[in-house]
Amino acid sequence: MGSSSKRCLGAILIASFYFSASLAFFPAHHEGEGAHPTGHSPKPSLSPHFYRSTCPQADEIVVSVLKKAITKEPRIAASLLRLLFHDCFVQGCDASVLLDDSKAVASEKNALPNKNSIRGFEVIDEIKAALEEACPHTVSCADTIALAARGSTVLSGGPYWELPLGRRDSKTAYMKLANKNLPPPNATLHRLVKFFGRQGLDNGPCSTISHTIGMARCVSFKQRLYNQHRDNKPDMTLEKRFYHKLASVCPCTGGDNNISPLDFASPPKFDNSYYKLIVEGRGLLNSDQVLWTGKDPEIAHLVKSYAENESLFFEHYMNSIIKMGNTNPLLGSDGEIRMNCRRVNHVR
C-alpha cells in the first residue's frame with residue numbers, strides 16, 4: 001500500500017461531523033506512576049474496565065443524557081463525534097478542546113477551524129455534571145468526550161465498540177496547534193496527505209473513520225459551486241442535479257451560514273450512504289470528493305468497498321476510532337480530572 005493510502009484512507013470530513021482518515025497509535029504524553037498508584041504498580045494504560053469499581057454506571061449516565069439531547073436535536077450526535085476528532089488531532093485526546101478562554105488559556109474554540117463551527121459543549125457540560133453527581137472527581141472530561149462519541153454513534157444506528165478508558169485532562173489548550181493541525185474542508189488529496197504526514201500518521205493499520213451524519217455550513221463548500229479553481233467556475237466533478245440542489249441552498253453571494261446535510265440519502269442515520277454518494281459525484285465537501293477523484297486508486301478502491309459493504313465500513317470504523325481515541329493520552333498522574341470541563345481545577 002502506498003504512503004498516501006497509509007496516511008489518508010478515508011475522507012477528512014470537516015463540518016458538523018466529519019473525518020475519515022488512516023490513524024496510528026501514539027504513545028502517551030508522559031509515563032505516569034499508574035492510575036491508582038500502589039507501590040510498584042504497572043505502567044498505566046487505557047482499559048474498557050477502567051471505571052468498573054469507581055463509576056460502573058458511567059456509560060449508562062452518558063447514554064441517558066445523549067438520548068434526550070439527540071431526540072431534541074438529531075444533529076447533535078454528529079457534533080459530539082466531531083468533538084472527538086477536534087480534541088485528539090491537536091495534541092492528543094486530553095479534552096483541551098473544551099477549555100474556555102482565561103488569563104492562562106487561549107481556547108482552541110477560537111482557532112479558525114473551530115470558531116463558529118464546533119458545538120455540543122452544553123451537552124458535554126450536562127453529561128459531566130451528571131457524572132460528577134454520581135461519581136465525584138472520577139470520570140475525566142477526555143473520557144466523557146470519548147463516551148459521548150461512542151454513544152452518539154450507537155444511538156444514530158452505528159456500531160458499538162469496546163472503548164478503552166482512563167484518559168486524563170490537560171491543564172492547558174493549544175490554539176496554535178489547532179490552527180496548524182486541523183485541515184480545511186476544501187483540502188485537496190495532496191494537502192490531506194500532507195496534514196496526516198505532519199502528524200506522523202503513516203504507521204500501523206490503516207482504517208477509516210467516516211462521517212455519515214451531520215450538516216455543513218455553505219461557507220464550507222461554496223467554493224466548489226462557484227470558484228473551485230479560482231476561475232469563477234464550479235467543480236466539474238459535482239453531479240449536475242446535486243450541483244443545482246446545493247446552489248439553491250447556497251447562493252453565490254451571502255447565505256454562508258445556511259446548512260446542508262452531509263448525507264442527503266439518510267441525514268440522521270449512521271450508515272455507509274455517504275460513500276455511495278461520493279461514488280456518484282455527490283460528496284458535499286471537497287475533502288470528501290477528492291477521495292474518489294484524487295487519482296489515488298487505492299483510496300478510491302476503499303471508498304468503493306465501503307459504498308458496497310456497510311459491514312466492512314463498520315468494522316474499519318471501529319478499529320480506527322479506537323486508534324484515534326488512543327492518540328497521545330495523558331495517563332496515570334499526568335494532567336488532572338477536571339471538575340468542570342471548561343476550566344482547569346485551580347481556576348475559579
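Mentor: Buried means under 20% relative accessible area, with a 1.4 Å probe and protein chains only. This is a predicted model, where local features need pLDDT of at least 70, side-chain atom pairs count only at pLDDT 80 or more, and totals for chains, interfaces and linings use all residues. Residues are numbered from 1 along each chain as its sequence is written, and side-chain values use heavy atoms, leaving out hydrogens and water.

Trainee: OK, which residues touch the most other members of the largest nonpolar core?

Mentor: Leu83, Leu98 and Phe221, out of 73 residues in that core. Helix 3 gives the most to this core, with 10 residues. Helices here are DSSP runs (H or I, at least four residues), numbered from the N terminus.

Trainee: What is Phe221 in contact with, leaving aside neighbours within four places in sequence?

Mentor: Ala216, Leu246, Cys250, Ser260, Leu284 and Leu285. Contact means heavy atoms within 4.5 Å.

Trainee: Switching topic: where does UniProt put the "active site"?

Mentor: At His86, in an unreviewed entry. The position is in the numbering used here, the feature name is shortened, and annotations may be inferred rather than shown by experiment. His86 is found in helix 3, residues 75-91.

Trainee: And is His86 buried or exposed?

Mentor: His86 counts as buried because its relative accessible area is 0%.

Note on methods
Helices (H or I, at least four residues) and strands (E, at least two) are DSSP runs, numbered from the N terminus. Buried means under 20% relative accessible area, exposed over 50%, partly exposed in between (1.4 Å probe, protein chains only). A nonpolar core is a set of buried Ala, Val, Leu, Ile, Met, Phe, Trp, Tyr and Cys residues joined through side-chain atoms within 4.5 Å.
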